Amino acid sequence: MKQSYLKVLTNEKLTANVCKMTLMGDVSAIERPGQFVNIAIDGLFLRRPISVCDVEDNVLTIIYKVVGKGTEKMSYMKGGEILDILTGLGNGYFTDLSGEKPLLVGGGVGVPPMYKLCKELIKEGKEPTVILGFNTKSEVFYENEFKALGVTVFVTTVDGSYGIKGFVTDAIKEVGEYTYLYTCGPEPMLKALYNAVTTSGQFSFEERMGCGFGACMGCSCKTKYGNKRICKDGPVLVKEEIIW
Amino acid sequence: MVNTSVSLCGVKLKNPVVPASGTFGFGYEFSDIYDINILGAISIKGTTKEPRFGNPTPRIAECTSGLINSVGLQNPGIHAVIEKEIPRLREVYSNPIISNISGFSIDEYVYCCEKINEVKDVDIIEVNVSCPNVHNGGMSFGTLPENVEAVTKAVKKVTTKPVFIKLTPNVTDITSIAKACEQGGADGISLINTCQGLRLDLNKRKPIIANKIGGFSGRAVFPIALRMVWQVYEAVKLPIMGIGGVATAEDVVEMMMAGATAVQVGAENLVNPYACSDIINSLPSVMEKYKIKDLNEIIGVAHQ
C-alpha cells in the first residue's frame, strides 16, 4: 500500500452511469491485476474503493459506476484535479494458476479488472477467452477494448438486446475448452459461475469497507481457510475456499 | 526543544498519541507503511476468551464526519493474541503495548486479564465494558455503576498491571460510572467508546448495517468526547486516556487541556493510515504555537 497523489487526466462517460477516469502519478504499489485503490473525496468521511482497470507506466485507469454521493462527485471531476489515493490494495489475481486457456468473466462493473488481467495473461503467452455480461445493450462497455487485445469476446445481455441473450453462464457453452476461471461481478453471478464451471478459479468479491487496508475488520467473511478480510486478504478468493 | 513524553501509571510514553483499539489491528500491519516506533503506545484489537467472527456484514455505514461500525469484536481469541499477535507486534515495535480486553461475563473478563497479566510485553490492560452482559439481559456492563465496579474489582484481583476501564458514552451520567471505576480500584479511565448510531438505506428502506444499530465514531464525536473527559477529570483522580474524534495535534492538545494524560486516535486511522504519524510529526510545532514547553503542564489546565 502506498498513499499517492494522482492527477486526473481524463474523466468520461462510457454509458449513462458508468465512467472511465485516467490518472497520472506514482502507481508503483499496484502489483497485480484485480487489486483496487481507495480514493479520498472532499466532504466525505470514507474513501471510495474502486478496482484497477489498467495500469501502464505511471497512468492508472479506473472504471466506476455512479451509485452514490462519492461516485457522483467523482463523475464531476475534471482533468488536472489532484486526488489523495491509497494504491495497491488487496491481493489481486494470481496468474500462475491459469493454465493455457483461462476464461475471464466480468459482469457489469466487474468487467474493468478483467482488462488488466487479460493483458497480463496474454503477456505470459496464454490464450484467454472473455465473457462480458450486462443487463441491456445500453450498458455494454469495453467490448472493443478487449477485442483490440486480440482475444475472443462474448457479450451477454439479460434482455437479449445485444450479443447472447441471458446470463454469462449461458455463454460458457460457446467457449469450448478452458483451463481456469477468473471472475468479478455481482454475487449472484459469482455463485452461478461457481456452480457452472468445471475448473478451479479465482472470484473477486465486493463488500462495504471501512478502511480498505485491513485495519477495521469491517468487511470480514468466512472461508474454508478461516476468516478473511475482503479488503486485505481478498478481494480475490480461490474457488476451493469460498463458503456461500 | 519541547517535551512530549507523558507517564501513565508509571508507564512512560514518548508522546501521548496512541492508536485506539479496533482501528489499528494488532499494530504490525501498519509497520509496512511507517515506523510504528514513533507511537506513544498501541492499544491492540479487543480480545475475548474465545475466537469471534463478530457480526454479519455490512458492518460499516458512512456518516457526516464519521462512520458507524458494528464489527462485533471479531478477534482470534486470547490464546492466539498471546501466542501469535503480541509476539508478532513485538518483533517490529518496542514501545508500550496496551491490551484491550472484552467479555460477556465477569468470568470472561477475569479469565482474559489473568492470562494477559502473564504476558510481559503487555504494559497496560484496557478493559472494554461496552459489551453486553449475557447474564443481565444483554445490557452493557458499562451502563450501570455497580456492574462497572464489579468488573473492575474482579479484574484488579488477578492482575498486577495498570488497569484502565474503557467507558461507553451511552449513559445518563458518565461521572457516576467513572466514580465506580475509582471505587473498584481502577488505575485509569479510557473514554469514550463509540456513540450508538443508525443509518438507513433509502432504496432498501432498511438499516445499512446488518445488526441495524452500531457505534458512531469519527471527527463528529470530538466535542462529546471532550465534554466527557472534562466531566470525568472533575469527578475522579484517575489518569484519563481521551478518545473520540481526534484527528489533529490541536485535538490532542485540546483533549489534554480538558484532562487527558494520553490521547487515542481511532476512526481517523481508517481514512488516513498515516493519521498518528501526521499528528506526532506536527505536535512539536503546535506546542510551540500555543507556548507549551512540556505537555505535562497542560493536563487538565482548562479546569484551573
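A residue is called buried when its relative accessible area is under 20%, exposed when it is over 50%, and partly exposed in between, with a 1.4 Å probe and protein chains only. By that rule Arg48(A) is buried, because its relative accessible area is 16%. The structure discussed here is a predicted model, in which local features need pLDDT of at least 70 and side-chain atom pairs count only at pLDDT 80 or more, while totals for chains, interfaces and linings use all residues. Residues are numbered from 1 along each chain as its sequence is written, chains are lettered from A in the order in which they are written, and side-chain values use heavy atoms, with hydrogens and water left out.

Chain A as a whole comes first. Its fold contains 5 helices and 15 strands, which are DSSP runs (H or I of at least four residues for helices, E of at least two for strands) numbered from the N terminus. The C-alpha atoms of chain A fill a box of roughly 45 × 40 × 35 Å along the principal axes, and buried residues make up 57% of its 244 residues.

The next topic is charge. Chain A carries 28 positive and 28 negative side chains, and the centres of the two sets lie 4 Å apart; Lys and Arg count as positive and Asp and Glu as negative, with His and the chain ends not counted. Side chains of opposite charge can pair when their charged atoms come close. A salt bridge here is a side-chain nitrogen of Lys or Arg within 4 Å of a carboxyl oxygen of Asp or Glu, and a search of the whole structure finds 19 of them over all chains.

One of these salt bridges joins Lys2(A) to Asp26(A), with the closest N and O atoms 2.9 Å apart. This pair links distant parts of the chain, since Lys2(A) lies in strand β1 (residues 2-13) and Asp26(A) lies 24 residues away in the loop between β2 (18-24) and β3 (36-39). Lys2(A), at 31% relative accessibility, counts as partly exposed, and so does Asp26(A) at 34%.

Arg48(A) forms a salt bridge with Glu62(B), at 2.6 Å from N to O. This pair crosses between chains, from strand β5 (residues 60-63) of chain B to strand β4 (residues 48-56) of chain A. Glu62(B) counts as buried, at 18% relative accessibility.

Within helix α2 (residues 112-123) of chain A, Lys116(A) and Glu120(A) lie 4 residues apart, about one turn of the helix.

How values were computed
Charge placed at Lys NZ, Arg CZ, Asp CG, Glu CD.
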